[in-house]
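Subject: Structure handover

Dear colleague,

Here is the structure for your files. My notes on what was found in it follow below.

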Amino acid sequence: MFMTGMSKELSLQKSSQCLLQAFVPNSFEEKHYISKLYKEMSLIFRNSTVEFTRSTRDVISTDKIFDDELLDSYLFLHDVYNGEQNKTIYVLKWLIIEYSLIPCGTSYACHYIRIGEKLHRLRFLQQDACTRDDNHNREFKIFLGLSPFPSEAKIHFSILGKGNKEIPPKDIKTIGKRSSRALCFEFSEKDLPPQPADLVVFLKITVEKISIAIEDHSKLPDLESLYKERTFTDATIVVGEKQFHVHRVVLAAASPVLSRMFQSEMKEKADRSLKIEDSSAHAVGELVKYLYTGKANILTVDLAIDLLYLADKYDISSLKKEVVIYLGCNVSLKTVLDILSVADRFCLRNLKSTALDFATENLSSILKLPNWKEFRSNVELVDCILKCISKMKHG
């Protein structure tokens, strides 16, 4: 039998959320603070009793299911391009941190995706297949899905397997009836990199004449409307000829650096204006959007690096974490030298290790890159690559 009921840890988290719901904020600052707490906890509980069975169909499709919120998971818009017959194809990259540590037999939900006017949620389930491989080790299956069933779009999941090869699903199932139907894609864990590892998933959504959006339901709607309408703004961010009208309280709540700038006897407090000269208007615009909505539309590595500089400069740790994860998922021949440089500059050990591994495995191609001549002037990083190559030869 699989696990039944809730653990003590989840019970405590549920109790904490109830306390938050009982707290009535009296000011805008308190609303923003509560919003941040919800985002950090982001556990969604349903008032129902759970009993898990060995049936994947039961675990995924029953209306009585208790979905745990998958906390350490990130979703990015990876690519958008035109397909055949006037169709648009959106590619989302879904990263699940250390997926092997997630308990088996529990159906998890995370991330809201709006397809047209309908909201859908990603689903994750890791299950014991009750069989043995040639070495008598237990085999596990991973089920990835989207619910409810997206009748207005074509959906396809794939995962990044061993050797960075894209692995298609072994089976695709439609589970449930009517509004409770879910589209489920089955993968074998033996195709994935050695544990512990992060699970990288590609979700391809093909639509015609409708839009796709990743939505964050952990924020308060007040901040979203303030961002869109720009009502009662009391400060301005200036980047070249571009001006962003903002609320100081929102900036101060998100960034301790900006908070000090607008409170202390500095030029920004007197003028109620912040001039940014070391970044682009595009990057600052995405930064402002993130401060209000918790979302940044990162489509390129160049933009991600610009946002990393801003997040570090203004001490916005949540944005910095998201950008670092995005960069780690987008190391390629075209980007590896830039990512390696920025990882070294900001002392990002894991990101630097990822970039170094890629650089050493593809050194012959990297030596032909046009930006290699400029990069090799950084003697310390070149030395790091040579040391990694030496380890590979003698390892």
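A residue is called buried when its relative accessible area is under 20%, exposed when that area is over 50%, and partly exposed in between. Asp-315, at 42% relative accessibility, is therefore partly exposed. Please keep in mind that this is a predicted model.

Overall make-up

The chain contains 15 helices and 15 strands. Of its 395 residues, 44% count as buried. Taking contacts between residues at least 6 apart in sequence, 64% of them join residues at least 24 apart.

Helix H8

The buried set consists of Ala-283, Val-284, Gly-285, Glu-286, Leu-287, Val-288, Tyr-290, Leu-291, Tyr-292 and Thr-293. After H8 comes Gly-294, with a positive phi near 75 degrees.

Helices H9 and H11

How are the axes of H9 and H11 placed relative to each other? The two helices pack at an angle of about 10 degrees, and their axes are 11 Å apart. Angles under 35 degrees count as roughly parallel, so H9 is roughly parallel to H11. On the H9 side, the contact is made by Val-301, Ile-305, Leu-308 and Tyr-309. On the H11 side, Asp-338, Ile-339, Val-342 and Arg-345 take part. Sorted by type, the residues of this contact are six nonpolar, no polar and two charged.

Helix H10

H10 covers residues 317-329, a run of 13 residues. From its first C-alpha to its last, H10 reaches 19 Å, close to the 18 Å expected at 1.5 Å a residue. Its buried residues are Leu-319, Glu-322, Val-323, Val-324, Ile-325, Tyr-326, Leu-327 and Cys-329. What do these buried residues pack against? Their partners include two strands, E2 (73-82) and E3 (88-96). The helices they pack against are H8 (281-293), H9 (301-313), H11 (336-345) and H12 (349-361).

Helix H12

The 13 residues of H12 should span 18 Å at 1.5 Å a residue, and the 18 Å between its end C-alpha atoms agrees with that. Buried in H12 are Leu-351, Ala-355, Leu-356, Phe-358, Ala-359 and Thr-360.

Loop residues

Asp-315 lies in the loop between H9 and H10, and its phi is about 55 degrees. Cys-347 is in the loop between H11 and H12, with phi near 55 degrees. Is Cys-347 buried or exposed? At 65% relative accessibility, Cys-347 is exposed.

Pro-148 is in the loop between strand E6 (138-147) and strand E7 (154-160). Pro-148 has a relative accessible area of 32%, so Pro-148 counts as partly exposed. Leu-122 is 26 residues from Pro-148 in sequence, and the two C-alpha atoms are 9.4 Å apart in space.

Gly-105 belongs to the loop between E3 and strand E4 (108-115). With a relative accessible area of 0%, Gly-105 is buried. Its C-alpha is separated by 6.7 Å from that of Leu-125, a residue 20 positions away along the chain.

Cysteines

How many disulfides does the whole structure hold? The search finds zero. Cys-384, for one, is in no disulfide: the nearest cysteine sulfur belongs to Cys-388 and is 6.8 Å away. A disulfide needs the two sulfur atoms within 2.5 Å. Cys-384 is partly exposed at 22% relative accessibility. Cys-329, in contrast, is buried, with a relative accessible area of 17%.

Regards

Technical notes
Residues are numbered from 1 along each chain as its sequence is written. This is a predicted model: local features need pLDDT of at least 70, side-chain atom pairs count only at pLDDT 80 or more; totals for chains, interfaces and linings use all residues. Side-chain values use heavy atoms; hydrogens and water are left out. Helices (H or I, at least four residues) and strands (E, at least two) are DSSP runs, numbered from the N terminus. The expected span of a helix is 1.5 Å times one less than its number of residues. Buried means under 20% relative accessible area, exposed over 50%, partly exposed in between (1.4 Å probe, protein chains only). Contact means heavy atoms within 4.5 Å. Axes are lines fitted to C-alpha atoms, for helices over the stretch in contact, and angles run from 0 to 180 degrees between N-to-C directions. Angles under 35 degrees count as roughly parallel, over 145 as roughly antiparallel, 65 to 115 as roughly perpendicular and the rest as oblique. Ala, Val, Leu, Ile, Met, Phe, Trp, Tyr, Cys and Pro count as nonpolar, Asp, Glu, Lys and Arg as charged, and the others, Gly among them, as polar.
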